[in-house]
Amino acid sequence: MRICSTRDRGLAVPLAEALQLGLAPDGGLFVPVELPRVGLPRTGGMTLNGTARVLLAPFFAGDLLEPRLAEIIAEAFTFPAPLRRVQVDPERLSLLELFHGPTAAFKDFGARFLAACLARIPGDGRPLTILVATSGDTGGAVAAAFHNRPGVRVLVLYPAGLVSPLQERQLTCWGGNVQSFAVRGSFDDCQRMVKQAFADAELRARLRLNSANSINLGRLLPQLCYFGATALRVWDSEGRAPGFLVPSGNLGQAVACVWAQALGLPIGEIVLVHNANRTVPDFFAGGEWHPRASVATLASAMDVGDPSNMERLRFLWPEAAQITAQLRAVSVSDTEIRDCIREEYAQAGLVLCPHTATALHVYRHLPAASRRETHWVAVATAHPAKFEEIVAPLIGGTLVMPPALAALATRPVAREELPAEFAALRAHLTSA
Ligand SMILES: *Cc1c(COP(=O)(O)O)cnc(C)c1O
């Protein structure tokens, strides 16, 4: 399959090249020139890995990675994405748990898949330098995915003092080929420093740089697999297409879900659930696109004021009216998040992370008819223990750490501080 820029259909490259470049040379995002129709593959009882092989085959067709696809999937998808029933007849609600990977958030799927792909693209002898700026979840998933890979060096930049204690541990406990820097500045400073590195021609000539950030196509492709596999599972057992409630920030999950639907999989309504960062819900209400600075909320991984993946939705549906006809968008406040975590625990025994709570809040406020007619799937994007300092006081108890997170707690941490200046980062990049 040919992959083009959202800004120019003529600028098309093979998949492996799109994964290596990350961002298209014209500043656009990479997308498939055309989405294939796979229709309703016969997957009765197929595993997530089996479904992924069917769904991703057309994207890899003709690419140098095509013969390695099964192996890439096997290496990346080593943990399940279970669908947990919360409510049965007459209303059906399930949670799609995407937090069983090494850093307990869905970003493990994308980071591990991208790492498995990049490891199989022949280089030019120079080591691969992964440079990533993170506000919390992404950096940990990327560090875990690339840790101990030969020929790869990882530099993670995060804002000092602005990530949770557990997130900092996930960013700094790797050692080996992973170096973590607490930048004395904001996330925006971290991102600016990374962008400056990519814009530095001399540096790029010296190093094979990749950012592995969330706009890389290699992070979206594995995500469409769990949406597809879930939809097929519900379709096989109930003969109806589920609706999805998707906690959203940068809209990567949203694009993956929309692409799975476009492939022909049985997916009904898709609702984009945002926190108090209202850029997308306001666009749906008024049709105007006004990106703005982000505001801090309890669902911090969704604190995005200028969601980059909107560009991919616009590529699929150029008119604003097409987007608003195909999807819905809702904003959920911090007060509603807190109330939802408290109430779901009291009434249903559910322990939710603040991001997942946004989706549950929307479910509870759907019209009764919609709750009866549709099997809704609320996407559980992170394990609640990852946000213990928020969740534990609300439910009045302690949280059980999943084994993967508990294992990280015993590793030694190493962090280095860095001023928020590109020169300091450059010095590290060019040493060693
Ligand atoms: C990244 C993240 C989100 C938002 O996903 P997008 O693809 O950026 O919309 C939601 N929840 C959690 C826990 C995340 O880490």
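Trainee: How far does a backbone N or O atom of Asn250 lie from an oxygen atom of the ligand?
Mentor: This is a predicted model, in which local features need pLDDT of at least 70 and side-chain atom pairs count only at pLDDT 80 or more, while totals for chains, interfaces and linings use all residues. Residues are numbered from 1 along each chain as its sequence is written, and side-chain values use heavy atoms, with hydrogens and water left out. A polar contact is a pair of N or O atoms within 3.5 Å; within protein, one must be able to donate a hydrogen and the other to accept it, and residues adjacent in sequence count only if both atoms are side-chain atoms. For Asn250, the backbone N or O atom and the ligand oxygen atom are separated by 2.9 Å.

Trainee: Which residue has a polar backbone atom 3.1 Å from an oxygen atom of the ligand?
Mentor: Gly249 also places a backbone N or O atom by a ligand oxygen, but at 2.7 Å. The residue whose polar backbone atom is 3.1 Å from an oxygen atom of the ligand is Gly252.

Trainee: Is Leu251 buried or exposed?
Mentor: Leu251 is found in the loop between β10 and α10, and although it is not a glycine, its phi is positive, about 70°. Buried means under 20% relative accessible area, exposed over 50% and partly exposed in between (1.4 Å probe, protein chains only). At a relative accessible area of 1%, Leu251 is buried.

Trainee: How many of the 11 residues of helix α10 are buried?
Mentor: Helices (H or I, at least four residues) and strands (E, at least two) are DSSP runs, numbered from the N terminus. Those that cover the buried residues of α10 include β3, α9, β10, β11, α12 and β13, contact meaning heavy atoms within 4.5 Å. Trp259 is one of the buried residues, and their number is 9.

Trainee: With which side chain does the side chain of Arg120 make a polar contact?
Mentor: Arg120 sits in the loop between α4 (107-118) and β6 (128-133), where it is buried, with a relative accessible area of 14%. Leaving aside its neighbours within four places in sequence, Arg120 has contacts that include Leu64, Arg68 and Ile72. The polar contact, at 2.6 Å, is with the side chain of Glu75.

Trainee: What is the angle between the planes of Phe77 and Phe109?
Mentor: Rings of Phe, Tyr and Trp (its six-membered ring) pair if their centres lie within 6.5 Å, and planes under 30 degrees apart count as stacked, over 60 as edge-to-face and the rest as tilted. The whole structure holds 9 aromatic pairs. In the edge-to-face pair of Phe77 and Phe109, the distance is 5.5 Å centre to centre and the angle is 85°.

Trainee: How many residues apart in sequence are the parts that the pair of Phe77 and Phe109 ties together?
Mentor: Phe77 counts as buried at 5% relative accessibility, and Phe109 is buried at 0%. Phe77 lies in the loop between α3 and β4 and Phe109 in helix α4, so the parts tied together are separated in sequence by 32 residues.

Trainee: How far apart in space are Leu360 and Glu344, C-alpha to C-alpha?
Mentor: Leu360 belongs to helix α15 (residues 354-364) and is buried, with a relative accessible area of 0%. Not counting residues up to four places away in sequence, Leu360 touches Glu344 as well as others including Leu93 and Ala378. Leu360 and Glu344 are 16 residues apart in sequence, and their C-alpha to C-alpha distance is 8.3 Å.
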